[in-house]
Amino acid sequence: MTDMQSASFPDYFRYRVTRDLGGVAAWFGDKWRNSWLFKIAAFLVGLGIVVWIALFVWLASDLPDAESLVDYETPLPTVVRGIDGEIVHSYARERRVQLQYRDFPERLIGAYLSAEDKTFFSHGGVDYTGTANAVIDYATKYGSGDRAVGGSTITQQLAKILLLGDEYSVTRKLKEMILAGRIEDVLSKEEILELYLNEIPLGRRSFGVQAASRAYFDKDVGELDLHEMAFLAILPKAPERYGRRGQEEAALARRDFVLQQMEANGYITEAERAEAAAQPLGLVTQRTERSVDAGYFLEEVRRQLIDQFGETAEDGENSVYAGGLWVRTSLDPELQEAARKALRAGLMRYHGTRGWTGPIATIDVSEGNWAGQLASSYLGIRYEDWRVGVVTQRSGSSATIGFSNGEEAPLSGLPNSLKAGDVIAARPSGNGFRVATIPEVSGGFLVEAVQTGRVLAMQGGFDHRLTDFNRATQAERQPGSTIKPFVYAAGLDNGLTPASEVPDKEFCVWQGSRLGNKCFTNFGGSRGGGVYPMRFGLEQSRNLMTVHIASEAGMENVVQTFKAVNIGDHPPFYASALGSGETTVGRMVNAYAALANLGRLHEPTVIDYVQDRRGKVIWRADRRQCQGCNMPEYDGRPMPRPGPMGREVMDPRTAFQVVHMLEGVVQRGTATRLRDLELPLFGKTGTTTGPTNAWFVGGSPEFVAGVYIGHDQPRNLGGWVQGGNTAAPIFKQFVQETRDRWRDEPAIAAPGVRMVRIDRRTGKRVFDGWPSDDPQAAVIWEAFKPDTEPSRSTRQDEIAAKRDEILELIRAARRGGSGQVQSNDGQPSDFVEEQGGIY
């Protein structure tokens, strides 16, 4: 022993271990030789150790990797912002909002710790006392069908939520314990709590406390009162129970228990507990609406995002329903609201007193689950105070209507064909509801920014909750006379001018031996008569003049112009020049915007850019490069700017000439009802044969909007319907609703355009008169390309024009009055958009 005392510490340690282990081994050997009972006990202990090791290896062999939580990304919805940066919508199948640990109020954390795991900051993932209690509870309830108390720590709950699932078994509980220890090794306590408070399911399709706070109290977590925090902390035990009607007493009792635990754990005082316990639950039944009523626009955004990034987490890290994208759109809420109101008003105005148009849908009410069927149909309406419900019973002149929340009320104003099971719109009336009629006719409205191509508003029907078919972008319709400006553009590009004389006469063309000779005439078979300046033909929507212009320009050039401005790939038939092909409101508006933008066509966009969950821009609509825009310090040179947007598809001078003529459509043509807006507007009406569609497309140098009205299955709208009296008033209401957004600045002429005074009746140049503000003034400014100006008007020209007018009247009389009666200014009196856009 003396030698060992002088030895080094390692030598002394080895000596003690060898001596002590030797003593233990000697003792064990002696007991093993002399005691059968010891042998049995030692065998059982060894077998238990082997079984435990085997069980541990078996349970741990297929456990998920806790390291994955280090880089775990919470599945988050996509948040959509409008043009002003304000949130307008989110794409979510579950309510989720991710917060950082510092964003959670301390007392909210205290409420969850008190309710779920008060030793959270001291244990290593498993609370063995709580686990023992859970084992005893499980044993007492075994075979009863009742679920035992979990005894899980917050770390164990996190393992179950994110990595294991909700299977109810002993093996899952053991796996949970193993995995909880591993999680504690890779994450800090704060990181575990942050994940837990963002992921815990809390009912009402809410995951995480922020989403639940919005769902139950319509508040953010920072706005919660103490009693509300305590209520949220009771939800992990029964997320689908405590928030339901009829469970108020149970919820209050559990909430008060949490408050008591918070007091016992030092998070609140006794006075604070008493005050909070005296409060009612205060649950909200309906959250504040945080979505702009722009369903058609937002659905278009959603479709484009899914095409670009995928729908679910399996499609990629930036998917629409899990990637947490932040999307900046071009949606202008003010313009959107005005577009929605204007289109709806136009549809209601057309419907007038036509009566009930039938049910929206039908469901089976015989089995009594009509409320669930109605709720799962997702049909709805947001118009005035209307609601969508189902007729639950009909007996003679009495009926009742039921709504998705289970409520029923008397229903009046019953059409004869109304029956039980019909899903209808109804409006409040007295102590009940009255049947309301949704117009059968529909239409589309779209607004685009001229300089950028950004779509600012889009309404694809009466209400997107009734149908998501977007008539602004998906409905292929005949544009009728709204296509004529591009026929005239082709004429201007092929030698004609706004003052060129064009015959308003019958036009015949040989179409081959099979089809023979095709003659175009005016509505009713009139062959027309007279020769007028090109401008006149566009202002008054003269079909025969348009066909003559198409012939002069060449139909191949005309359809090439259509294609260049992306109206569509139409066949080179003369009927195409009158709008017999098909296109959409969106494409027509985009083409008119190119006219207003001096021939530069933009790709229309609804999304400006997309950011990932961390704010990095991962997609941008405007891909122009700007050299020097991000220089660290200004170098004093001219400010760097990106290049021009879009692509030039038309001679800028031609585009301006067309716009200038289209201004005349508003001043004295088929859209004069817009003149009293006193704005420098341009546009064109359109009415297709039948008439089946009524159109207006136009705007200003800043905005272009387009609208059509028609049935989804095209049929006659009625002989009185014209673009000027049905579609143009919708555009007019839109402008009136947004009057402060429209500037009084006229279109700016393209470089090289010469403004010349002409006589608008003859197209001749004048030198002794000046244009005035009178729309009917004889002298106007006209736009010409260099060296295309007309010659000066002479007295002889005026005499010749008068002589031609008198001769035409004589010919008309000889034909039995089939000719057109002329007005005092030499223009036909039936300046008709109603002539029909096509033949």
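Predicted model: local features only at pLDDT ≥ 70, side-chain atom pairs only at ≥ 80, totals over all residues.
1. Overall make-up. The protein chain has 839 residues, and 49% of them count as buried. Its secondary structure comes to 24 helices and 26 strands. The accessible surface is about 40,500 Å², with 50% of that belonging to carbon and sulfur atoms. Take the contacts between residues at least 6 apart in sequence: 69% of these join residues at least 24 apart.

2. The five-stranded sheet. The order is β2-β1-β5-β19-β20, the sheet is open, and the pairing is mixed. β2 (87–91) and β20 (617–620) stand at the edges; each has a single partner strand, so one side of each lacks a neighbour in the sheet. From one strand to the next, the twist averages 20°.

3. Strand β19 (residues 607–611) pairs with β20 in the antiparallel sense, over three bridges. In that pairing Gln611 stands opposite Val617 of β20. Helix α13 (residues 295–309) lies across β1 (78–81), β2, β5 (326–329), β19 and β20. Helix α13 runs at about 50° to β2.

4. Strand β12. This strand spans residues 442–449, and eight of its eight residues are buried. Ser442, Gly444, Leu446 and Glu448 point one way. Gly443, Phe445, Val447 and Ala449 point the other way. Both sets are buried, Glu448 included.

5. Partners of β12. Which strand pairs with β12 over eight bridges? That is β24 (residues 703–710), in the antiparallel sense. Within β24, Val704 is the bridge partner of Glu448. β12 is also joined to β13 (residues 455–459) by four bridges, again antiparallel. Here Leu446 stands opposite Met458. The β12–β13 hairpin has five residues between its strands, and Gly453 takes a positive phi near 80°.

6. Aromatic pairs: Tyr216 and Phe231. The structure holds 19 aromatic pairs. In one of them, the ring centres of Tyr216 and Phe231 are 5.5 Å apart and the planes meet at 65°, so the pair is edge-to-face. Tyr216 belongs to helix α9 (residues 209–217) and Phe231 to helix α10 (residues 226–234), so the pair ties together parts 15 residues apart in sequence. Both residues are buried.

7. Aromatic pairs: Tyr350 and Trp720. This pair is stacked, at 6.0 Å centre to centre with 25° between the planes. Trp720 is partly exposed, at 46%.

8. Aromatic cluster. Phe445, Phe696, Phe703, Phe731, Phe734 and Trp742 form one cluster. Phe445 comes from β12.

9. Charges over rings. The charged end of Arg354 sits over the ring of Tyr350, 4.1 Å from its centre. That ring is the one stacked with Trp720. Elsewhere, the charged end of Arg96 sits over the ring of Phe207, at 4.2 Å from the centre.

Technical notes
Residues numbered from 1 in each chain as written. Heavy atoms only, no water. Buried < 20%, exposed > 50% of the residue type's maximum accessible area, 1.4 Å probe, protein only. Helix = DSSP H or I, 4+ residues; strand = E, 2+ residues; numbered from the N terminus. Pairing = 2+ DSSP bridges. Contact = heavy atoms within 4.5 Å. Areas by Shrake-Rupley, 256 points an atom, 1.4 Å probe, with all protein chains shown as cover. Axes fitted to C-alpha atoms, helices over the stretch in contact; angles between N-to-C directions. Phe/Tyr/Trp six-rings, centres within 6.5 Å; stacked < 30°, edge-to-face > 60°. Lys NZ or Arg CZ within 6 Å of the ring centre and 35° of its normal.
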